[in-house]
Amino acid sequence: MGEITNWMDQIVKENPNVVTKVDYGKTYENRTISLLKIGSKSASAKKAIWMDCGIHAREWISPAFCQYFINQLLQTYKTDPKMEQMMKNMDFYVTPVLNVDGYIYSWTDNSTRLWRKNRTPGPEGCECLGTDLNRNFDINWGTLGISFNCCSIVYPGKSAVSEAEAQAITDFVGNRTDEILCFLTIHSYGQMLLIPYGHPNVIAPNENELMEVGLAAAEAMKKVHGKQYTVGTSPDILYSFSGSSKDWARLQGIPFAFTFELRDDGTYGFELPEDQIQPASEEAYSGALHIITHVHDKEFIKPTSTAATVAAMLWTTMMAVFVTSTVIV
Amino acid sequence: MRLKIIIVLTILTGITGSPSITIRPEVELVDNKQRISEQQNLVTETDEVVEDVMATGELNPNHYPAQRAAKVVQHYINTLYGSPFKVFHLHRVHSGNAEDVADSGRKYQLEISVQEMISNTSGKCSAEVFFSRGDKQHSPQVQVMCEELLKINTTKEEDAFYQHLKKNTSLLSAEYLPDSHGHIEPDMKPLWHLASVASSFIMLNESTQDTLFNMAQVANVTQLATESDQLKFEYLILLHEMVSQEIIRWKLLVSWCPPEGVKVLQMEKLPHCHECEKPPNTN
């Protein structure tokens, strides 16, 4: 984690015009939760993309990918006109490690490698600790895919958003729901793109579009190294569960919310070999980029809606003329 | 004049409809959320309400029912044909069908692709998986037919490895395969493969329609001395169950020799380990 923190400071130092570090929360063990805000400086308020990594401690490929993603943004925006445009129109909020305590714990030694939760002590009388942060968000909290046994790996916490780490996202993103167009949360393993919602009977109004964009992103990912990523709602392709960050984000009105489950498909599982970090990140980047580009273009490049605006204006003007002429005559 | 305006307005309406503004469609979901919180009972682990209306008939191959059943086929194939040099992994589900069998359970028919990991060869298989229902929970029953795949010849490698260990005066042991960084020493890979095959016996036994098992890690392996032809190993294996996300620890006594294949002689599920190794100074 120390390496990641130092690296974040380094990135800010090397790219002062486009990167700022924002400390937006504290973990249970009082460590700082930080993100890098990346985007061309602008006088007016900008739209934004949210990405968080490392919500589950053992999913080490996830923080690695956030770092890769940040590097890619900073390397390509100066030479790639599309990225330059996106950096001008949007800010990227990227959190390399959300569950700092859990992540650090998973690095302690071989016996801690498979830790998942955060490190909050359990309720009174419980001999275990930790809450599954991706069950702790305030959406259908404590209903599906959880266990109230505090030793369970999917213990959702003592109440919705009881956890400091979940609170940090809830506050930061919650204050910016008009600004944020897309919420991406990165996990492993399983090679999937999950769309809201985690409950089998709750359907996002834009589910068709989410599936379409997701499938196209998976196609793009497959082109990179041939790896298949399955797309769908969690109840369809994985399992039902409540209290997830992507569900919460979607319910806040952020139209595009995806969970990425990166490599692999179970051979190495959480302990992905080092030589797969680069290819896994490359394919994930191309998938994320596809989604981000779609979201950006939908917001900023709208030929049809421009015509609709013009038509709307004409209509209103005509109506006004009609009404006034009627009244006068 | 008025008539002309009416005509223009009508034409405009025809083209664009009434003026529209895009609204973020989050409002309607609040109702759903409230309805669900009222209806929903606390459910642990998987949602049993949903399971009752599980898909029957033709299955979406990407959805979990077919995927979980197909994983069972992977485990089964490994128990029959796996070795320290032959490990099979589910690659894809092409199609699937499910039907209820009276009150006794559910039967799946699947067309899948399976990959042998070491030779990197793929082949298609047709399989049937039967999950029993009711008080007597048996392990799933599997039948499978694979083209080509099972003809892979690993006799040379297996014999060489077997002879090497038989001649060796010291007994092998290792821990954490793979290690935290996904690394396995080349010499230890056959022991890791052997573990995958041995775990397949457990994963097959333990599988239901509500589980998806993978071997997460070999915590440790110790070769035991034997007088017989068999090589014997004691393993502590960590399984990952995807639906509950739990890590389940199993102690296995495993034997292997090329003619007889992999056998699990003893198996013991170990209790949940919350903090497996306490740091030295807390005791």
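Where in chain B is the place of Ala102(B)?

1. **Ala102(B).** Its place is the loop between β2 (88–101) and β3 (105–116) of chain B. The model is predicted. Phi of Ala102(B) is near 40 degrees, a positive value in a residue other than glycine. Ala102(B) counts as exposed because its relative accessibility is 70%, and exposed means over 50%.

2. **Asn140(A).** Chain A also has a non-glycine residue with positive phi: Asn140(A), at about 50 degrees. Asn140(A) sits in the loop between α4 and α5 of chain A. Is Asn140(A) buried or exposed? Its relative accessible area is 11%, so Asn140(A) is buried, the cut-off being under 20%.

3. **Asp109(A).** This residue lies in the loop between α4 (100–106) and α5 of chain A. Asp109(A) counts as partly exposed because its relative accessibility is 32%, which falls between the 20% and 50% limits. Its side chain makes a polar contact with the side chain of Ser111(A), at 2.6 Å. Ser281(A) is 172 residues away from Asp109(A) along the chain, and the two C-alpha atoms are separated by 25 Å.

4. **Cis peptide bonds in chain A.** The bond from Ser188(A) to Tyr189(A) is cis, with omega near -10 degrees. Tyr189(A) is in the loop between β5 and β6 (192–195) of chain A. The bond from Pro196(A) to Tyr197(A) is cis too, with omega near 0 degrees. Tyr197(A) belongs to the loop between β6 and α6 (207–225) of chain A. Check both bonds by residue number when you inspect the model.

5. **The sheet of chain A.** What is the strand order of the open sheet in chain A? The eight strands run β1-β2-β4-β3-β5-β8-β6-β7, with mixed pairing. At the edges are β1 (19–26) and β7 (230–233) of chain A, and each pairs on one side only. From one strand to the next, the twist averages 20 degrees.

6. **The β5/β8 pair.** Strands β5 (residues 180–188) and β8 (residues 256–262) of chain A run parallel. Seven bridges join them. Ser188(A) stands opposite Leu262(A) in β8(A).

7. Helix α1 (residues 2–14) of chain A lies across β1 and β2 (32–38). It runs at about 145 degrees to β1(A). Helix α5 (residues 164–174) of chain A lies across β1, β2, β3 (47–53), β4 (90–95) and β5. Its angle to β1(A) is about 130 degrees.

8. UniProt, in an unreviewed entry, places the feature "domain: Peptidase M14" at residues 1–295 of chain A. Over residues 1–295, the chain is 36% helix and 18% strand. The end C-alpha atoms of that stretch are 31 Å apart.

9. **Chain B overall.** Chain B has six helices and 10 strands. Buried residues make up 46% of its 283 residues. Of the contacts in chain B with a separation of 6 or more, 56% come from residues 24 or more positions apart. The accessible surface of chain B comes to about 15200 Å², and 51% of it belongs to carbon and sulfur atoms.

10. **Ser200(B).** This residue lies in helix α6 (residues 189–206) of chain B. Ser200(B) counts as buried because its relative accessibility is 1%. Which residues does Ser200(B) touch, not counting those up to four places away in sequence? They are His75(B), Asn78(B) and Thr79(B).

How values were computed
Residues are numbered from 1 along each chain as its sequence is written. Chains are lettered from A and ligands numbered from 1 in the order in which they are written. This is a predicted model: local features need pLDDT of at least 70, side-chain atom pairs count only at pLDDT 80 or more; totals for chains, interfaces and linings use all residues. Side-chain values use heavy atoms; hydrogens and water are left out. UniProt positions are given in the numbering used here, feature names are shortened, and annotations may be inferred rather than shown by experiment. Helices (H or I, at least four residues) and strands (E, at least two) are DSSP runs, numbered from the N terminus. Two strands pair if DSSP finds at least two bridges between them. Axes are lines fitted to C-alpha atoms, for helices over the stretch in contact, and angles run from 0 to 180 degrees between N-to-C directions. Contact means heavy atoms within 4.5 Å. Buried means under 20% relative accessible area, exposed over 50%, partly exposed in between (1.4 Å probe, protein chains only). Accessible areas come from the Shrake-Rupley method with a 1.4 Å probe; for residues, only the protein chains shown count as cover. A polar contact is a pair of N or O atoms within 3.5 Å; within protein, one must be able to donate a hydrogen and the other to accept it, and residues adjacent in sequence count only if both atoms are side-chain atoms.
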